[in-house]
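Please look through the structure shown here and follow the report below, which begins with a ligand and its contacts and ends with a single residue.

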Amino acid sequence: MSSLTVVDNPLVKRDITILRNHKTEEYQFRLALRRIAYALVNEISKDFTLKEIEVETPLEVTKGYDIAHQTVLVPVLRAGLSMVNSFIEMIPNAKVGHIGLQRDEETLQPIDYYYKAPKNLEISKTIVIDPMLATGGSGSAAISFLKNKEANDIIFACLIASPEGIARIRKDHPDVPIYTAVVDRELNEQGYILPGLGDAGDRTYGTF
Ligand code: PRP
Ligand code: URA
């Protein structure tokens, strides 16, 4: 079954509160989102594999470290874009794929409109990035696409997960660990997370 890691950090709890607040302006919303993304990448990278390398200081040669594997970041458009730069800053040599998915507001099923993935997914650690895990339809579809492209070491990273979304990823992709900043109570009839933060894409980009 997919493991579930909830980032436990006071700054993240404060920032989730900023995101939830309906009065938060777009620029503050984006900044809080970026800060939480740093905390997520910090948590996720605890499981990265290191290789030893030599480094020459101004005084002598000593042991150092580098990351042993290629990392591929895959933001789910649109809202995932708001988090990906924090990941890139921490993993500057990461490759970046994109998956465009939009939920149909009636059926809640994801409609795909764009896919682009880097090569060599089979030897990479691939991190799917999407702020919201609601029904789990978009997350599950993104992971399925990457598996079809031979990715076999996939992590799902989000800000807010619903119990329903976690159950969906665990059912469809039990091999994929989930990292989130918080697990919320439930979905409403329109598929929105409660208490949630509303529509992450709209709140990030001001498209109400
Ligand atoms: C949001 C969110 C996820 C999806 C989650 O995107 O960013 O991709 O909904 O819902 P699900 O778990 O029920 O699939 P949305 O479809 O609103 O598109 P947007 O990012 O373009 O706003
Ligand atoms: N997508 C969002 O942006 N928010 C939700 O609460 C559910 C899906």
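## Polar contacts of the ligand

In this predicted model, the side chain of Asp130 places an N or O atom 2.5 Å from an oxygen atom of ligand 1. The backbone takes part as well: a polar backbone atom of Ala134 is 2.9 Å from an oxygen atom of ligand 1, and a backbone N or O atom of Gly136 lies 2.8 Å from an oxygen atom of the ligand.

Taken on its own, ligand 1 has 500 Å² of accessible area, and the protein covers 94% of that area.

## The surroundings of the ligand

The space that ligand 1 takes is the largest pocket. Two or more residues of the shell around the ligand come from each of the elements β4 (70-77), β6 (98-103), β9 (132-133) and α4 (137-148), and the largest share, 3 residues, is given by β6.

In total, 17 residues surround ligand 1, and the closest are Arg103, Asp130, Thr135, Gly136 and Ser138.

## Phe48 in its loop

Phe48 is found in the loop that runs between α2 (26-44) and β2 (50-56). Is Phe48 buried or exposed? Its relative accessible area is 11%, and because a residue counts as buried when this value is under 20%, Phe48 is buried.

Phe48 can also be placed relative to Val128, which is 80 residues away along the chain, with 15 Å separating the C-alpha atoms of the two residues.

Note on methods:
Residues numbered from 1 in each chain as written. Chains lettered and ligands numbered in written order. Predicted model: local features only at pLDDT ≥ 70, side-chain atom pairs only at ≥ 80, totals over all residues. Heavy atoms only, no water. Near = heavy atom within 4 Å. Polar contact = N/O pair within 3.5 Å; in protein donor to acceptor, adjacent residues only side chain to side chain. Areas by Shrake-Rupley, 256 points an atom, 1.4 Å probe, with all protein chains shown as cover. 1 Å grid on protein atoms, 1.4 Å probe; cavity = no way out; pocket = protein on both sides within 12 Å on 5 of 7 lines; lining within 4 Å. Sits in = over half its atoms within 2 Å of the grid points. Helix = DSSP H or I, 4+ residues; strand = E, 2+ residues; numbered from the N terminus. Buried < 20%, exposed > 50% of the residue type's maximum accessible area, 1.4 Å probe, protein only.
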